[in-house]
Amino acid sequence: MTGPLKVALLGCGTVGSAVLRVLQDQAGDLGARIGRPVEVAGVAVRRPAHHPDVPAHLLTTDAHGLVTRDDVDLVVEVIGGIEPARSLMLAAFEAGKSVVSANKALLAEDGVALHAAAAKAGVDLYYEAAVAGAIPILRPLRESLVGDQLSRVVGIVNGTTNYILSRMAETGAGFGEALAEATELGYAEADPTADVDGFDAAAKAAILASLAFHTPVSAVDVYREGISTVTATDVARAAEIGCTVKLLAICERVGNGSPTHPGDSVAVRVHPAMIPTSHPLASVGGAFNAVFVEAEAAGQLMFYGQGAGGEPTASAVLGDLVAVARSRVTGAPGPGVTGYANLAVRSMAETPTRYHVSLDVADKPGVLAAVAQEFARHEVSISTVRQTGRGDAATLVIVTHSAPDAALSATIAALREMPAVRGVTSVLRVEGLS
Ligand code: HSE
């Protein structure tokens, strides 16, 4: 076969139109890198009239017809959402076409079935653009680091929330004010729920954990808290101990010790946390993304860059497109994805975490002892205690050692009930403190 490889593009929004532009403008370079010319076979959209820039002969509303056309070799899915993207991808595999997707929600919900369908058909499924936009992180996990043992993958994988938290730290603003500014400037969508409540980051965490630990992890397995409860006080308290607040997607391999999971397990969570300003992730500001990987042999690695936007996301899609096109030329699919380790997914209650707690108390004999007693009763060890103020307006700031998250949250609930505690003014998990 020497004719051009033909690409079906499903969706032509911000990312799709950027992909189409590069495919047309740089067809020569892409073809040279693939080893065969590449051209667009068609572009499936819902409303062709909304795409005056796309040559009319390429536009179709029949996405299923396009992906199953005999002359189509590769499918690029940038529609997003679960359906019809899933049916179209399955139809593409059935028809022997490789798929490049940017669809985090679908991969996080149904990655196992989609990989199985691709493997059965002997074709490729790549989705670098689904996590952290332009940043190459899935291919490094899937290929470059596949010979290593990974212990943790911690990411700032949502630009909207990182922008909001960065502004809160810079200006002292509360969450509502920073969100309003992010919306005004176009960093946050009109309905910011998926970003602000951590759904977007949770889908990305599921994908990262699945690849890092060779274990199927779905979005429903991911513990999730968003940033809407983060207060200006939390951010100020973080600064007082040399930390900054970030929404982290934390994927880790947790050693045994749990009665219900005697072997290793994986814990996957998304929540705001304080991290030391010396941590590489702390310097990731504004809408940027980064993923920090800890591996047994490689040590620590950091991947940083633009996590969203048409052109950056198109870069990741096109990288995958060249990879799957090369496989097509050689006639052998690229490396697949394994779930052989099949580790149990640990509940958040059993996941070891550390807390930073700030309490308003009266500065009287016995108050600190009573507070410490609650930590002890829940078998939570205290790392540091600091008191500021005196008389009726004293503040106790406590950082714990690591303990099961359920023990820490039960301690907080008990503190809220103590007569000596006037108020629990800040509670945040802490990551990366020595
Ligand atoms: N909405 C995401 C973000 C980008 O704010 O980072 C797409 O995943």
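Modeller: We'll take the ligand, then the aromatic rings, then a few single residues.
Modeller: This is a predicted model, where local features need pLDDT of at least 70, side-chain atom pairs count only at pLDDT 80 or more, and totals for chains, interfaces and linings use all residues. Residues are numbered from 1 along each chain as its sequence is written, and side-chain values use heavy atoms, with hydrogens and water left out.

Biologist: Fine. Which residues are around the ligand?
Modeller: Lys 104, Asn 158, Gly 159, Thr 160, Asp 195, Asp 200, Lys 204 and Ala 308. Near means that one heavy atom of the residue lies within 4 Å of the molecule.

Biologist: How does that shell divide into nonpolar, polar and charged?
Modeller: There are 1 nonpolar, 3 polar and 4 charged residues. Ala, Val, Leu, Ile, Met, Phe, Trp, Tyr, Cys and Pro count as nonpolar, Asp, Glu, Lys and Arg as charged, and the others, Gly among them, as polar.

Biologist: What lies 2.5 Å from an oxygen atom of the ligand?
Modeller: A polar side-chain atom of Thr 160. A polar backbone atom of Gly 159 is 2.6 Å from a ligand oxygen. On the nitrogen side, an N or O atom in the Asp 195 side chain is 2.9 Å from a ligand nitrogen atom.

Biologist: How much of the ligand does the protein bury?
Modeller: 80% of the 260 Å² that the ligand exposes when taken alone. Those areas come from the Shrake-Rupley method with a 1.4 Å probe; for residues, only the protein chains shown count as cover.

Biologist: Which elements give two or more residues to the shell?
Modeller: α7 (159-171) and α10 (199-213). Helices (H or I, at least four residues) and strands (E, at least two) are DSSP runs, numbered from the N terminus.

Biologist: Switching to rings. How many aromatic pairs are there?
Modeller: The structure holds 2. Rings of Phe, Tyr and Trp (its six-membered ring) pair if their centres lie within 6.5 Å; planes under 30 degrees apart count as stacked, over 60 as edge-to-face and the rest as tilted. Tyr 163 and Tyr 187 are stacked, 4.0 Å centre to centre with 20° between the planes.

Biologist: What does that pair tie together?
Modeller: Tyr 163 is in helix α7 and Tyr 187 is in the loop between α8 (175-184) and α9 (193-196), so the pair ties together parts 24 residues apart in sequence.

Biologist: Is Tyr 163 buried or exposed?
Modeller: Tyr 163 is buried, at 9% relative accessible area. Tyr 187 is partly exposed, at 39%. Buried means under 20%, exposed over 50%, partly exposed in between (1.4 Å probe, protein chains only).

Biologist: And which other residues form a stacked pair?
Modeller: Phe 288 and Tyr 304, at 5.3 Å centre to centre and 5° between the planes. Phe 288 is in strand β11 (residues 288-295) and Tyr 304 in strand β12 (residues 299-306), 16 residues apart. Phe 288 is partly exposed at 33%, and so is Tyr 304 at 47%.

Biologist: Where does the charged end of Arg 142 sit?
Modeller: Over the ring of Tyr 126, 4.2 Å from its centre. Arg 224 lies over the face of Phe 199, 3.7 Å from the ring centre. The rule is NZ of Lys or CZ of Arg within 6 Å of the ring centre and within 35 degrees of the ring normal.

Biologist: Last topic. Where is Gly 11?
Modeller: In the loop between β1 (5-10) and α1 (14-25). Gly 11 is buried, at 10%.

How values were computed
Polar contact = N/O pair within 3.5 Å; in protein donor to acceptor, adjacent residues only side chain to side chain.
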